[in-house]
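These notebook entries record what I looked up in the structure shown below.

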Amino acid sequence: MKALQQLTKRLEDMEALDRFADLVQRVVSRIVPQESARKDLLSGTWLGRPLHPVLTDVVMGTWTSTSALDVLGGKRAEQAADQLVFIGTVAALPTIAAGLSDWAELWGAQQRVGSVHALGNATAFSLQIFSIKARRGGKRKKACLLSLASLVIAGASANLGGYLSFVKGVGVNQTAFENWPQEWTPVILAEDLAEDTLTPARADGARIMLYKKGEQLYALSDRCSHRGCPLHLGQVNDLMLECSCHGSIFRLSDGEVLRGPATVPAPTYEVRYQNEKVEVRRTLR
Ligand code: FES
């Protein structure tokens, strides 16, 4: 366990990966630009959760089943194994595209680990292509070994993907652990809330973003659900708030995601004037 942690730490510190990462990142950003329908599609904005991890289940499931049939299934299972490896390898294409789109938003240590994750997946994918070729050429033993090697590499690579998500919090809803004030809580003096200005505030430790338009007040979590950037650094047009980091757009009235790459709505608050102060409490949905 400790060896695994040390290895991951070493990857995080490996600056030699940065040049490769910067180059690929530029290419990916050109093919999948921010603020595009392609970006929303690959991010999973339409799905309400990140697309990449959903697709990886299909790939890993079919490739694991392929090797299980190769090893244990005997002659009768050969056709099924061949079909499964083909399905998994086709499914790997959108999976890789979604992963690269997500990875292009990372930087520093996370980007380095993501680079190795991507290289591992590319190697696993290539081995399965060779395996399919070998299956079609009747070289079954070679094909089985290639699929098995691919599965081992994809498993190791998935471990890095899990590290990015579950240890580094990449791809998770950044507002999930906010400590919402359930009762009306004063956050700012009414006179300090300027018109048409994104104003940060705190309520019971939760970061809030306030916006006033005429008589109407709006309050959202100040943490973007996508990667956690402060929303008060964004800009508002027609009561839609654009995050300054990757361009996600949230509707001020209910926090709905109008444009990705965010997949989860911004938490909203009820807001009112009380005793010359502005008060908020979490909107119950
Ligand atoms: S942090 Fe990425 S869009 Fe807000």
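The entries on the cores, one tyrosine and one hairpin follow.

Basis. I worked from a predicted model, in which local features need pLDDT of at least 70, side-chain atom pairs count only at pLDDT 80 or more, and totals for chains, interfaces and linings use all residues. I number residues from 1 along each chain as its sequence is written.

Cores. I took a nonpolar core as a set of buried Ala, Val, Leu, Ile, Met, Phe, Trp, Tyr and Cys residues joined through C-beta atoms within 7 Å. I found 27 residues in the largest one, and Ile208, Met209, Leu210, Ala219, Leu220 and Val271 have the most contacts inside it. Strands E2 (199-203), E3 (206-213), E4 (216-221), E9 (268-274) and E10 (277-282) each supply at least two of its residues; strands (E, at least two residues) are DSSP runs, numbered from the N terminus. E3 gives the largest share, five residues. Apart from this core I noted another of 20 residues, including Leu42 and Trp63.

Tyrosine 269. I located this residue in strand E9. I list tyrosine 269 as buried because 25 other C-beta atoms lie within 10 Å; the cut-off for buried is 20 or more, with C-beta atoms placed from the backbone. Leaving out residues up to four places away in sequence, tyrosine 269 touches Ile208, Ala219, Val280, Arg281, Arg282 and Thr283, contact being C-beta atoms within 7 Å.

I counted five bridges between the antiparallel E2 and E3; strands pair if DSSP finds at least two bridges between them. Alanine 201 stands opposite isoleucine 208 in E3. Two residues lie between the strands, and aspartate 204 takes a positive phi near 50° in this hairpin.

How values were computed:
Buried ≥ 20, exposed ≤ 12 C-beta atoms within 10 Å, placed from the backbone. Helix = DSSP H or I, 4+ residues; strand = E, 2+ residues; numbered from the N terminus. Contact = placed C-beta atoms within 7 Å.
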